[in-house]
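Trainee: I would like to take a close look at a single part of this structure, and I would be glad of one connected explanation.

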Amino acid sequence: AENARLRAREAGSLAELEAMVAAFDGCALKRTAKQLAFADGNPEADIMLVGEAPGAEEDRAGRPFVGRAGQLLDRMLASIGLDRSRVYIANVVPWRPPGNRTPTPQEVAICLPFTLRQIELCAPRFLVTLGAPATQTLLGLKEGIKRTRGRWVEYPGLVRPARALPMLHPAYLLRQPIDKRLAWRDLRLLRRALDEEPPR
Ligand code: URA
């Protein structure tokens, strides 16, 4: 992990960081994954979304959120007039865990320096954490996502700190569609923040 921390700081652009992550052998997930799924969307976007880990379809495509959860995410974004050109999307681990299991805290920790540098280089105005792993890891909010979602907190790790909003993960919403109303409420918070804060 120390190794990753030192290297990540040297990445001067998202392209450099991606090449660095692709060449990094310190995370065991790389050995079972087909390929890296580093990011999707627009690196210049005001909004960065961070999920959990690539699944089977992301592993095949080499891009985050292209499977069923990703299609729901696209509909969620569309409900507030956004698409992938308006967001940058990543995960707390960039390789698929075997059988889509939850990444272990150790796997997340090994990749964390890269994830933090990815956020720093994207420098979003708004950071959306999708689900508990991203919310706990990036925002330090240890309660369950049902308690932490739907409220803005400050993400301090940037020159100009971002506002951060934990949301329910679209894969969870596919299993618990009753909770979509909560997600749609949170999406309206995001829309309002975009409308109220002029681009800097
Ligand atoms: N779920 C995630 O958290 N990330 C993906 O990229 C796909 C599904």
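Which helix gives the most to the lining of the largest pocket, and with how many residues?

Mentor: Before the answer, a word on what is shown: this is a predicted model, in which local features need pLDDT of at least 70 and side-chain atom pairs count only at pLDDT 80 or more, while totals for chains, interfaces and linings use all residues. Residues are numbered from 1 along each chain as its sequence is written, and side-chain values use heavy atoms, with hydrogens and water left out.

The helix you ask about is α9, which gives four residues, the most of any, to the lining of the largest pocket. Helices here are DSSP runs of H or I with at least four residues (strands are runs of E with at least two), numbered from the N terminus. Alongside α9 (170–175), the elements α4 (56–61), α5 (68–78) and α7 (132–139) each supply at least two residues of that lining.

The words pocket and cavity rest on a 1 Å grid over the protein atoms alone: a cavity is a set of points where a 1.4 Å probe fits but cannot get out, a pocket is an open set with protein on both sides within 12 Å along at least five of seven lines, and lining residues have an atom within 4 Å of a point. The largest pocket has a volume of about 630 Å³, where volume is the space filled by probe spheres set on the points, and points are joined across faces, edges and corners. Of the 28 residues that line this pocket, Ala53, Ala69, His169, Ala171 and Arg175 are the closest to its centre. By class, the lining has 15 nonpolar, seven polar and six charged residues; Ala, Val, Leu, Ile, Met, Phe, Trp, Tyr, Cys and Pro count as nonpolar, Asp, Glu, Lys and Arg as charged, and the others, Gly among them, as polar.

The ligand sits in the largest pocket, in the sense that more than half of its atoms lie within 2 Å of the pocket's grid points. Surrounding the ligand are Gly51, Glu52, Ala53, Pro54, Glu58, Pro64, Phe65, Asn91 and His169, each with a heavy atom within 4 Å of the molecule. This shell divides into four nonpolar, three polar and two charged residues.

A ligand nitrogen atom is 3.0 Å from a polar backbone atom of Ala53, a ligand oxygen atom is 2.8 Å from a polar backbone atom of Glu52, and an oxygen atom of the ligand is 2.8 Å from a polar backbone atom of Phe65. Taken alone, the ligand exposes 240 Å², and the protein buries 92% of that, with accessible areas from the Shrake-Rupley method using a 1.4 Å probe (for residues, only the protein chains shown count as cover).

Asn91, one of the residues around the ligand, is also among those that line the largest cavity, which holds about 60 Å³ of space.

Note on methods:
A polar contact is a pair of N or O atoms within 3.5 Å; within protein, one must be able to donate a hydrogen and the other to accept it, and residues adjacent in sequence count only if both atoms are side-chain atoms.
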